[in-house]
Structure formats: C-alpha cells, structure tokens
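Me: I'd like to learn how to read a model like this one. Could you take me through it feature by feature?

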Amino acid sequence: MPYTPDKPITPPSADELRARIPGWGADLDPADRPSFPKECFDPGATGAHWTEPERQGDDPRRERSIEHAHLTAVYGTAQPLHGVSGAIRRYAYARYSEGRAAHWLLLVLGDRVEAFGAHVRSLFTLRPDNPITATGILAEPRLRPIASRRGRVDLRHAWIDPILVAGPWVLGGWIVVRMLRRVFVRR
C-alpha cells in the first residue's frame, strides 16, 4: 500500500505466473513469436541509404517550436498558415515554448479564429452552413433527449451547450438584422 508502513506486495515471479495461468509467457521465446522476423534489426533490408532523411530545407514561413534548432527533415506544406489565425499561430510558435500554456492557448485561439472565418466565408457561398441541421437540434426531440443524458458526466454543463452552439449564430443574425434595419429605415 502506498504511504503506509506495510511492505508492498511483491509481484509473482515468471515461474509462478506460468504455473498459475495457462499460456502465460508463450511469447517470451523469440522463435515462438509470429512477428519475430520483423523485429530483427537489419538496416540493409529496408533500402534506406541514410540515417536521417534528406532535409526539405528550412522554410521561414513554416512554424517551428523554439525548443528545436531546425524544422523536422520532412514536413507538410499543403495547408500553409494564412490570415489572422496564421499570425496568431506564428506568434505562439515564435514567442512561447511548447511547455507553456500560453503556447497552446494561442493555438486554440488561432483555431477558433479560423473556424469563425470559415463560417463567415460560408455565408458568401451558394451553400452556406446550416446551423440548425449541423448542430443536431432537430434530432433532439426524436431521440429521447432527457433519457439519453441520464448518467452522463457532462450533465452539469449541458445547459450551456445550446448557448455556446447557437449563441454566436443568434448574435450574428441579430447584428445583420440591425444593420439591415438601419440601411432600409433611413431610406
């Protein structure tokens, strides 16, 4: 037991476990393992001619943690950072260590800014986001909304979920209505 003067219980030996549990230790002998040939270290069999992959080159536009001297040898370039969210993420990498909460909070903030930008961009497309169907609010009455929540750990904050999900949409709609009312009432 921890934090008591009693002697801790010693784990049983391999022989005791083998005698008590049928089949225990069947994989101790490497010859009996089905994956054993794959576990053999043979660098010549892989065809690799390097100890570290050839470097892509340091791209100054790529984010790099301040703990590391250079970027990893291979990195993705498909989604470059852009806009305000990219500036927030660059600042997080340039200023704070990955061991600091500020680093991760800024990355989360950058993600939220990107999500907000995606919602705004969707309003100017032919098929904007539909918050009613995307949130699953229409399925609530059909799928036992009260009974399905019984016994859940997150029940204490379930009341705030509709506010967090629908709140920004309601606020945005209210702002648009106010702006349109000002434009058309003045005419």
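Reply: Gladly, and we can begin with the helix labels: helices (H or I, at least four residues) and strands (E, at least two) are DSSP runs, numbered from the N terminus. This is a predicted model, in which local features need pLDDT of at least 70 and side-chain atom pairs count only at pLDDT 80 or more, while totals for chains, interfaces and linings use all residues. Residues are numbered from 1 along each chain as its sequence is written, and side-chain values use heavy atoms, with hydrogens and water left out.

Me: Which residues make up the largest nonpolar core?

Reply: The general idea is a set of buried Ala, Val, Leu, Ile, Met, Phe, Trp, Tyr and Cys residues joined through side-chain atoms within 4.5 Å. Buried means under 20% relative accessible area, exposed over 50%, and partly exposed in between (1.4 Å probe, protein chains only). Here the largest such core has six residues: Ile88, Ala92, Tyr93, Tyr96, Leu106 and Leu107. Two elements give two or more residues to this core, helix H4 (83–95) and helix H5 (101–123). H4 gives the most, three residues.

Me: What does Leu106 touch?

Reply: A contact is heavy atoms within 4.5 Å. Leaving out residues up to four places away in sequence, Leu106 touches Ile88, Tyr91, Ala92 and Tyr96.

Me: Is His103 buried or exposed?

Reply: His103, which lies in helix H5, counts as buried because its relative accessibility is 0%. Not counting residues up to four places away in sequence, His103 touches Ala92, Tyr93, Tyr96, Ser97 and Glu98.

Me: And where does Ser85 lie?

Reply: Ser85 belongs to helix H4. With a relative accessible area of 3%, Ser85 is buried too. Setting aside neighbours within four places in sequence, Ser85 is in contact with Gly110, Val113 and Glu114.

Me: Now the charges. How many salt bridges are there?

Reply: Look for a side-chain nitrogen of Lys or Arg within 4 Å of a carboxyl oxygen of Asp or Glu. By this rule there are four salt bridges. In one of them, the side chains of Asp15 and Arg18 meet at 3.2 Å, N to O. Both residues lie in helix H1 (residues 14–20), three residues apart, which is about one turn of the helix. Asp15 is exposed, at 57% relative accessible area, whereas Arg18 is partly exposed, at 39%.

Me: What volume does the largest pocket have?

Reply: On a 1 Å grid over the protein atoms alone, a cavity is a set of points where a 1.4 Å probe fits but cannot get out, and a pocket is an open set with protein on both sides within 12 Å along at least five of seven lines; lining residues have an atom within 4 Å of a point. Grid points are joined across faces, edges and corners, and a volume is the space filled by probe spheres set on the points. The largest pocket has a volume of about 500 Å³. Of the 16 residues lining this pocket, Phe116, Val120, Pro168, Trp169 and Gly172 lie nearest its centre. H5 and helix H7 (161–185) each give two or more residues to the lining, and the largest share, nine residues, comes from H7.

Me: How do the lining residues of the largest pocket divide?

Reply: Ala, Val, Leu, Ile, Met, Phe, Trp, Tyr, Cys and Pro count as nonpolar, Asp, Glu, Lys and Arg as charged, and the others, Gly among them, as polar. The lining of the largest pocket has twelve nonpolar, three polar and one charged.

Me: Which residues lie nearest the centre of the second largest pocket?

Reply: They are Thr135, Ile137, Asp161, Pro162 and Val165, out of 15 lining residues. The second largest pocket has a volume of about 400 Å³. Its lining divides into eight nonpolar, two polar and five charged residues. H7 gives the most to this lining, with five residues.
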